[in-house]
Amino acid sequence: TLVKGRLLSGNNDSNEAEVILDPKFLAANRLGWGDKVKILVDGKEVSFTVVGAAISPEFIYAMKDNADILPDPRKFGIFYLENKELQQILNMSEQINQVLIEFDQGVDHSEVISDIKDILKPYGLLASYPREDQLSHAITKGELDQLRSVTRVLPLIFFGIATAIQFVILRRMIKSQRSQIGLMKGLGYDNYRIMLHYVFYALAVSLSGAVIGLILGIFSSAGISEIYSGYFNFPGGIHSYNLEVIFYGFIMCLSVGVIAGISSSYGVMEVQPAEAMRPEPPKAGGKSFLEYLPWLWVRINSGWKMTFRNISRNKGRFAVTLMGVIFAVGLLVISLFTNDAVDYMMEKFFYKGQSYDIAVRFDSVISEKALLDINRIEGVQRAEGFLELPVRIYYRGKNESEVILAYNPETTMKSLDDGEGNPVKIPEAGMLINQRTAKKLGIKAGVEVEVETLLPTGPIHREKVFIVGENRQLVGSGSYMDLKQANILLRERNAVSGVLLKIENGKEIQIETEINKMPKVSSVISHQKEVENFEKNLEAMDFSILIMVLFASLLGYAIVYNSSVMNLAERNREIGCMRVMGFSLAEISGLLIKENIIQASIGIVLGLFFGRITAQAYIQSISTDLYTLPVIIYPRTYIMAAVIGVVFILAAHFLSIRGIRNMELSEALKSPE
């Protein structure tokens, strides 16, 4: 039996029944074992003693209904007690109002549900909800789907970059050991044994990285799991580890090492011992792409000419570094744009879409005349009734559960917009259907649908309704209709299920207290408290964003630093000559940084574009029936991503050139011949 009630007070002296509470509700309301609580249930005050804490899978994400957007344990919690005890308290012996059903495998669910409806029709069947439509299940599944989307993309990016880094480093190491390879071949070592040496070297690097990554992953996953455990109210935390994932992670790491080792050492087979004992001939310089533009080439100085020619000689390394910068900046955009989407959603949903101060909901549908008592409370400036009507919409053999939100067309406390963000008014006739519901049922403006009312009391009505347009909601669901039309659909007059209030400043607590004393009041929702609760629940998101920004910055830094170090090593003799000729450290640094400037300019621009495209794909993959984040990226996000990109590129450059100061010029100038 599922019964709604309101907490009246705590620490009462009476002791009529024992109850187990939701642990979050206990903590939020400062209740503990042995405390007494008084609750109003169906108009009757009942006292309970708290004897424990527990949660149910149905309330992992504990929200009262779809009208809420986030859990708030201060105003809503779950009370568990024995079914017979509650029936006795309410004087409803052997009565229930909810049935949980588990299907046998292979049965036709729709046929069974139809039979159940026929059996329960005389008793008043409100609705049947499959598991996927249950609120807590839908929210949790949506979050898991979102994580699944992220984990399919991010590891591929990091493993791809890791493979490229290992390939470039091994290629460089093999070239530097050219004479040793020639000597080994001269002593009788075959190509495969030499290749195996470099493959094992790459495997050692991959294995070391996998072990360190496993240790860091275990520690960081425990912290992240703790956040999710608190956010979703999972029992006892989720500190277990998936050995299968760890195994596949090791396999992927070792595979990266094998691929990098084989691909980079494959050229060893072509090396002849006699040739290898001599220095490798210099690369063919050729022309850089700018040299084919003489009018531009003659206008740039010698430093930039050296930079462009060096890029043309090392196209592969430049491309790998550029890809690293693009991915890093793209990840920064994806990480930071979430703040923009949330800011936009808060502005659209909380501030522009809702201008009320307090929303009151009742236990059942009541007459609009009953609102006069609320309107007379001192401090209430304006009251607008509304009706929330659960329905099922039928169209061309398909059906979908929906909630009709009925307001007066002249309402001043609620605003709507269409799918393109243009403001729309509630129609005096017909219905504005929710965009997601319309997409599911294949409904467009101008069609006629059948609507079946599903109120818990009273008869079920089924009427045809004309669709006049669509409305777009970022959070929650609901289709809109004129309050009078909804009453006609329900075959009532002036019926409402709630009221929106505009109140004087500073009188919110007083008015809430007065309303809570009234009968039939289900909930009193403060607009300001909703905003505060929403912001509080964003703490977990801020932590995730920080982790993503750190990962993206480290990725970009590692790529650029590696490229800079290799560039410095390859031009060691050139730099030594310049030092002997009198070039200062700053002048040499200025020459080397030019390549990083080109990488930064191209990589940041393409990275911002890549981030935008990826954000759109990401949002499409995580959008659910309960919420949709808009792809809103403010200029500040692009600027921040670009600035962070410049910072990690400069940091990598200046750390890589430290070796120039301590360079042994005599060693650098020695001729390998």
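Arg462 is partly exposed, with a relative accessible area of 39%, and its side chain forms a salt bridge with that of Glu450 (3.5 Å, N to O). The pair links distant parts of the chain, with Arg462 in strand β13 (residues 462-471) and Glu450 in strand β12 (residues 448-453), 12 residues apart. Glu450 is likewise partly exposed, at 30% relative accessible area. The model is predicted, and a search of the whole structure finds 10 salt bridges.

**Further salt bridges**

- The side chains of Glu378 and Lys507 are joined by a salt bridge at 3.3 Å, N to O.
- Glu378 sits in the loop between α12 (371-375) and β7 (380-395), and Lys507 in the loop between β15 (495-503) and α15 (508-516), so this pair ties together parts 129 residues apart in sequence.
- Glu378 is exposed, with a relative accessible area of 54%, whereas Lys507 is buried, at 18%.
- Arg376 and Asp373 form a salt bridge through their side chains (3.2 Å, N to O); Arg376 is exposed at 60% relative accessibility, and Asp373 is partly exposed at 47%.
- A network of salt bridges links Asp340, Asp343 and Arg636.

**Helix packing**

- Helix α4 (residues 135-176) packs against helix α11 (residues 315-352) at an angle of about 155°, with the axes 10 Å apart.
- The two helices, α4 and α11, are therefore roughly antiparallel to each other, and α4 passes α11 in a left-handed crossing.

- Leu207 belongs to helix α6 (residues 191-232) and is partly exposed, with a relative accessible area of 40%.

Key. Residues are numbered from 1 along each chain as its sequence is written. This is a predicted model: local features need pLDDT of at least 70, side-chain atom pairs count only at pLDDT 80 or more; totals for chains, interfaces and linings use all residues. Side-chain values use heavy atoms; hydrogens and water are left out. Helices (H or I, at least four residues) and strands (E, at least two) are DSSP runs, numbered from the N terminus. Buried means under 20% relative accessible area, exposed over 50%, partly exposed in between (1.4 Å probe, protein chains only). Axes are lines fitted to C-alpha atoms, for helices over the stretch in contact, and angles run from 0 to 180 degrees between N-to-C directions. Angles under 35 degrees count as roughly parallel, over 145 as roughly antiparallel, 65 to 115 as roughly perpendicular and the rest as oblique. A crossing is left-handed if the near helix is turned anticlockwise from the far one by less than a right angle, and right-handed if clockwise. A salt bridge is a side-chain nitrogen of Lys or Arg within 4 Å of a carboxyl oxygen of Asp or Glu.
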